[in-house]
Amino acid sequence: MPVIFQTVILLSLSNVFMTFAWYAHLKHLNSHPWYIAALLSWGVALFEYLLQVPANRIGYTEFNLSQLKILQEFITLTVFVPFSLFYMQQPLKLDYLWAALCLIGAVYFIFRS
């Protein structure tokens, strides 16, 4: 499997765990002390790191650090928007489109030869 596919798949899965670790406690653990939310989030984040570290090691064989970071930010937005809409039931905003266009531009500029 090409490096780009391995990297994108692993970073995408990693991002799902990251998004849940960072934000799901706002929906489900609001009545609990913050340290309970922090401990549970750390547990979820472990799975993020178990995917993110190999993704970056694999990706770094073909891409530079800036390319990996911009790719990660693009994936973050593509994971965060559906999470925000469907899981957290936040309203759709036109700002998501503008942010996506900016990130597409960033991806273009960082990957062009």
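**Overall architecture and the setting of tyrosine 96**

Read along the sequence, the predicted chain follows the pattern α-α-α-α, with four helices and zero strands. Helices (H or I, at least four residues) and strands (E, at least two) are DSSP runs, numbered from the N terminus. In this predicted model, local features need pLDDT of at least 70 and side-chain atom pairs count only at pLDDT 80 or more, while totals for chains, interfaces and linings use all residues. Residues are numbered from 1 along each chain as its sequence is written, and side-chain values use heavy atoms, with hydrogens and water left out.

Along the principal axes, the C-alpha atoms of the chain fill a box of roughly 50 × 35 × 20 Å. Of the 113 residues, 31% count as buried, that is, under 20% relative accessible area with a 1.4 Å probe, protein chains only. Among contacts (heavy atoms within 4.5 Å) with a separation of 6 or more, residues 24 or more positions apart account for 78%.

Tyrosine 96 lies in helix 4, which covers residues 94-111. This tyrosine 96 counts as buried because its relative accessibility is 17%. Apart from neighbours within four places in sequence, tyrosine 96 is in contact with Leu77, Phe80, Val81, Ser84, Leu85 and Pro91. Phenylalanine 80 and tyrosine 96 are 16 residues apart in sequence, and their C-alpha atoms are 9.8 Å apart in space.

Conventions. Buried < 20%, exposed > 50% of the residue type's maximum accessible area, 1.4 Å probe, protein only.
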